[in-house]
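I opened the notebook to write down what I looked up in this structure. The entries follow the order in which I checked things.

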Amino acid sequence: MPPAPRPDYSLTGEAARHATESELAGPRWFRPRVDPAVIRALMVKTDGPAIRDTVLWLGLMILSGGIAAMLWPSWWSVPFWAVYGVLYGSASDSRWHECGHRTAFRTPWMNAVVYHIASFMLLRNPVVWRASHVRHHTDTVVVGRDPEIVAMRPPDLWRIGLNLFGILDAGHLMARMMLHATGRLHPDEAQYVKESDRPRVHRIARLWLGIYAVTVALALWTGSLLPPMLVGLPRLYGAWHHVMTGLLQHLGLAENVSDHRLNTRTVLMNPVSRFLYLNMNYHLEHHLFTMVPYHRLPELHALLRHDLPAPEPSILAAFRRLLPVLARQLRYREAVLIPDLPEGALPYGEEVERLRPFAV
């Protein structure tokens, strides 16, 4: 049997109209049983943990990048480039995310500075992607509405593999940067970027292209790859960790539902990955209460566990459970994983019955 055709995941097509007309857009999301006063206490922001983690992040980048540059082009530089790359091309993703939510720091300008630095490293226009991420939380994995769905159905496994090295993703983002520099937006972006914000989109794109042009010019002038190894290329060779962890956020779970327990997963991770990922492995908890700072998410996880599926015990265990679902989706697009709820948890709503015939 040939694979089921991929639906239109664009924000301007039939799926977008269907999501709006059928009230899939802007759903009333499930909320677990929890004392609101406790949540408000967890939402209190502070600068200390984020200052510590930012100094450690940037300090390790300076140290590893400096040693790698001094040892360049010797093979002895490779381990240091590997560390520098994952700090640049992966750890920047979680910093972009948390500072985009304005929850990492209490002080607004600190969030803004780190957000713009991380956005540059990722090639993500900070204005466009802040608006994109608001839409992602409003319409999480709603086809035709969510601009941040990582993999469509049936999944393009070849594309997913290439993006472990940022190859397609970085090319796509560079093309968007060039489009923005000409004073235009992609039609999907026009669905969620405010008219008043568009001049900033174009100015930032032109500035960033200028920085990359200087980097390329330095490489040509010196006859060395060292400048782009420090600025730009780490977005490719260091992307694997943020792609790996990002795949586990929603992939293989339900589309078009109003319960984050059906479309978002939490995965327990080792301390190094948690530092790189800033505790976004507690992703279900984050989607339920987006304004809780990253360093309080373990507490939120303990508070909500009575109403949530058990977390995957490790990255490896999560992929062992996910891969059979993706393999089945190659033939049956509707195949889906439905997480089990603990005894006594608030049950899923009626929409889960639509998914049960396709559960893997």
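I looked up which residues of helix α17, residues 297–304, are buried, and found Leu297, Leu300, His301 and Leu304. Seen down the axis of α17, these buried residues fall within an arc of 105°, so they line one face of the helix. I noted the general rule beside this: an α-helix has 3.6 residues a turn, so residues three or four places apart point the same way. I must keep in mind that this is a predicted model.

Next I asked what the buried residues of α17 pack against. The partners are α2, residues 36–42, and α16, residues 283–288.

I looked up the secondary structure and found 19 helices and zero strands. I then checked the radius of gyration, which is 21 Å; a compact globule of 360 residues would have a value near 21 Å, so the two agree. Along the principal axes, the C-alpha trace spans about 65 × 45 × 45 Å.

I also looked up how much of the chain is buried: 52% of the 360 residues. For contacts with a separation of 6 or more, I found that 72% are between residues 24 or more positions apart.

The accessible surface of the protein is about 17100 Å², and carbon and sulfur atoms hold 65% of that. I looked up the charged side chains and found 37 positive and 30 negative ones. The centres of these two sets lie 5 Å apart.

I located arginine 198 in helix α10, which covers residues 198–222. Is arginine 198 buried or exposed? Its relative accessibility is 18%, and the cut-off for buried is under 20%, so arginine 198 counts as buried. I then looked up what arginine 198 touches, leaving out residues up to four places away in sequence, and wrote down Leu185, Ala190 and Val193.

I found proline 187 in the loop between α9, residues 167–181, and α10. Its relative accessibility is 49%, so proline 187 counts as partly exposed; the cut-off for exposed is over 50%. Last, I checked proline 187 against serine 10. The two are 177 residues apart in sequence, while their C-alpha atoms are 9.1 Å apart in space.

Notes. Residues numbered from 1 in each chain as written. Predicted model: local features only at pLDDT ≥ 70, side-chain atom pairs only at ≥ 80, totals over all residues. Heavy atoms only, no water. Buried < 20%, exposed > 50% of the residue type's maximum accessible area, 1.4 Å probe, protein only. Helix = DSSP H or I, 4+ residues; strand = E, 2+ residues; numbered from the N terminus. Arc of directions from axis to C-beta. Contact = heavy atoms within 4.5 Å. Rg over C-alpha atoms; globule rule 2.2 N^0.38 Å. Areas by Shrake-Rupley, 256 points an atom, 1.4 Å probe, with all protein chains shown as cover. Lys, Arg positive; Asp, Glu negative; His and termini not counted. Charge placed at Lys NZ, Arg CZ, Asp CG, Glu CD.
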